[in-house]
Amino acid sequence: MNGLQTKKLTLKYGDQPIIENLDFDIPIEKITVLVGANGSGKSTLLRSLARLLNPTSGEIFIDTQKLQDISTKQIAKKLAILPQGPVAPEGITVHQLVKQGRYPHQKWFQQWSKEDEELVEKALIATQLLPLKDRQVDALSGGQRQRAWIAMTLAQETPIILLDEPTTYLDMTHQIELLDFLFDLNREYKRTIVMVLHDLNLACRYADNLVAIHDKKVAVQGTPEEIVTTEMVKEIFNLDALIKADPYFGTPLCIPKGKGRRVK
Amino acid sequence: MLHSFSSKIIGIITLLFLVALLIFCSLAMGQTSISFSLALEVLTQYNPENPDHLIIATSRLARATIALTVGIALAIAGTLIQTLTRNPLASPDLLGINAGAIFFIVFAITWLNLQSLTQYMWFGFLGAAVAGLGVFFLSSLGRDGLTPIKVILAGTALSALFISFTQGMLVIDEQSIQTVLFWISGSIAGRDLNMLFAVLPFLVTAIIISLFIGKAMNIFGSGDDVAKSLGQNVGLLKIIMGVLIIILAGGSVAVVGSVGFIGLIVPHIAKGLVGTDYRWTLPFSALLGAALLIGADILARFLISPMEVPIGVMTALIGGPFFIYLAKKGVSKQ
């Protein structure tokens, strides 16, 4: 098992290169967080890892197999992706949505099995949505809705889960709740998690492996405490910042310079 | 809403009875009122000497059968097109697919002097395909791609274009007006069963295939990316749905002309009854579409008696207010 790997990967939208000649590895059973400025191509890279976008050139490997050579259904058994801001069909219930996660494991004529039902229930329990399972997804709060989508990817039972900005639109409480949940999922169930996050401080807290995307490639990769420095933040985000250790966790804390009220 | 499996089955059975009842009404009711027992007699022991039997067998049986088939076809086409475009206001008539089919059929009649029903059918398919692809390409232009509002705008524009082309041809060739008028207004009255039989194998095949793709459509409903990440071949499903829509809508137009609004309103009623699970929404839509069109055809016989309202006008009378309601609901939701 080698997780995900890219070799000389180039991604383009039209004529515009987004990622160029990228070689990089995503370690298995770890939390990897992609960070970078707006438009740096981190979401594009994530989408290509799930084959939602085909490479212009180069290759992506999953467990040493070429992603291009595997059927969409086989990929769906190895890897689940939660795209940014998914929209559920009108009127669909939480239970119905989570059941969709079992789709890649079923044949079209196959009936719903006991195993399917158990895994769906497990996903609902893990996301604390069991009491809400008959509610419509439209009627949930932002945090609950995001959990419903994550429950769907959990029911998919894949060793690798990719998430594109899963904390967007969530308030602080729900952001922490969601990231804690993904953290447990990784530590207890050994799922490989790859996600794009905007908040560098949260990224430093949860990532085993931080990947900074800049100038069409991976500028730097490693544990946050190794790589996050004033110079790195300046280079990647073009931001002047002070890096301190988080008083609670000891992980790097990025304090941006700039204007604002000063009380000391 | 019908939640449990058993209540949905009961719903299906109820609708089957309703459709059967309406077919009987369609055989018995009209300018010449015929008793239900006599209508039953025609089916069991047909006697061509009896004038009432003759009315039923030659005219009303054809109407009922055509309304049944076309009602199912249009309702399923509507459900498919609303799912494919992810647009609750989409339907074969609003997206110009009916208008495209009519234009090609009228062209075949006035310019190519074609007379065979099978040829009309192929021209209907061709017109539906041209209009469908036209809407698809027009609305994918621009950077934000295929948005619901652009789909509707492209459909309305193409629809208007095809209708004015059709009218233009009629201005040049006035003699054809009588032959083609019925395609433009949509009519079940006076249609020959042979017209239906030419298209029937295509419609039935498309209807049966549609009933088997419900599960895939459920997945597709969550968006291209989610569907792909769940292992669905999204491109293939879109092509299948597109071809089914063209066969169902184009085939319907070849038989009865433009009958609007069935494809628009029926999917909403079905979803109101069984929710968004296409394994159920599709069969419910099929039966509701049949019931609605047969019912509308019966009403059309009495509204301005002794004349008949064309069925396309009848469905527009029922569907127009519903469309306004839907549009308003959509606006207030945003």
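Q: Quick one before we start. Which angles count as oblique?
A: Angles under 35 degrees count as roughly parallel, over 145 as roughly antiparallel and 65 to 115 as roughly perpendicular; the rest are oblique. This is a predicted model, in which local features need pLDDT of at least 70 and side-chain atom pairs count only at pLDDT 80 or more, while totals for chains, interfaces and linings use all residues. Residues are numbered from 1 along each chain as its sequence is written, and chains are lettered from A and ligands numbered from 1 in the order in which they are written.

Q: OK. At what angle do helix 4 and helix 11 of chain B pack?
A: About 50 degrees, with the axes of helix 4 (residues 97-110) and helix 11 (residues 234-256) 9 Å apart. The two helices of chain B are therefore oblique to each other. Helices here are DSSP runs of H or I with at least four residues, strands are runs of E with at least two, and both are numbered from the N terminus. Axes are lines fitted to C-alpha atoms, for helices over the stretch in contact, and angles run from 0 to 180 degrees between N-to-C directions.

Q: Left-handed or right-handed crossing, for helix 4 and helix 11 of chain B?
A: Right-handed. A crossing is right-handed if the near helix is turned clockwise from the far one by less than a right angle, and left-handed if anticlockwise.

Q: Which residues make that contact?
A: Helix 4 of chain B gives B:Ile97, B:Asn98, B:Ala101, B:Ile102 and B:Ile105. Helix 11 of chain B gives B:Ala249, B:Gly250, B:Val253 and B:Ala254. Contact means C-beta atoms, placed from the backbone, within 7 Å. By class, this contact of helix 4 with helix 11 of chain B has seven nonpolar, two polar and no charged residues. Nonpolar covers Ala, Val, Leu, Ile, Met, Phe, Trp, Tyr, Cys and Pro; charged covers Asp, Glu, Lys and Arg; the others, Gly among them, are polar.

Q: And helix 4 against helix 7 of chain B, what angle?
A: About 175 degrees, with axes 10 Å apart; helix 7 is residues 177-185. That makes helix 4 of chain B roughly antiparallel to helix 7 of chain B. B:Ile102, B:Ile105, B:Val106 and B:Ile109 of helix 4 meet B:Thr179, B:Val180, B:Trp183 and B:Ile184 of helix 7. The classes there are seven nonpolar, one polar and no charged.

Q: How far apart are the axes of helix 5 and helix 6 of chain B?
A: 9 Å, at an angle of about 135 degrees, for helix 5 (residues 117-140) and helix 6 (residues 148-172). That makes helix 5 of chain B oblique to helix 6 of chain B. Their crossing is right-handed. Helix 5 of chain B contributes B:Ala131, B:Gly134, B:Val135, B:Leu138 and B:Ser139, and helix 6 of chain B contributes B:Lys150, B:Val151, B:Ala154, B:Gly155, B:Leu158 and B:Phe162. These divide into seven nonpolar, three polar and one charged.

Q: Where does B:Thr85 sit?
A: In the loop between helix 3 (51-84) and helix 4 of chain B.

Q: Why does B:Thr85 count as buried?
A: B:Thr85 has 24 C-beta neighbours inside 10 Å, so it is buried. The cut-offs: 20 or more other C-beta atoms within 10 Å is buried, 12 or fewer is exposed, in between is partly exposed, with C-beta atoms placed from the backbone. Leaving aside neighbours within four places in sequence, B:Thr85 is in contact with B:Ala90, B:Pro148 and B:Val151.

Q: Helix 12 of chain B, mostly covered by what count? How many are buried?
A: Ten of its 13 residues are buried. Among them are B:Ile262, B:Leu264, B:His268 and B:Lys271. Helix 12 (residues 262-274) of chain B reaches 18 Å from first C-alpha to last, close to the 18 Å expected. The expected span is 1.5 Å times one less than the number of residues. Just after helix 12, B:Gly275 takes a positive phi of about 80 degrees.

Q: Which residues in chain A have a positive phi without being glycine?
A: A:Thr64, with phi near 65 degrees, is one of them, and A:Glu157, at about 55 degrees, is another. A:Thr64 is in the loop between strand 4 (57-62) and strand 5 (65-66) of chain A, and A:Glu157 is in the loop between helix 5 (142-155) and strand 7 (160-164) of chain A. A:Thr64 counts as exposed, with 9 C-beta neighbours inside 10 Å. A:Glu157 is partly exposed, with 18 other C-beta atoms within 10 Å.

Q: Last topic. How many residues of chain B are in contact with chain A?
A: 18 residues of chain B are in contact with 22 residues of chain A. On the chain B side, helix 9 (214-220) and helix 10 (224-229) are the elements that give two or more residues. Helix 10 of chain B gives the largest share, four residues. The chain B side divides into three nonpolar, ten polar and five charged.

How values were computed. Two residues are in contact if their C-beta atoms, placed from the backbone, lie within 7 Å.
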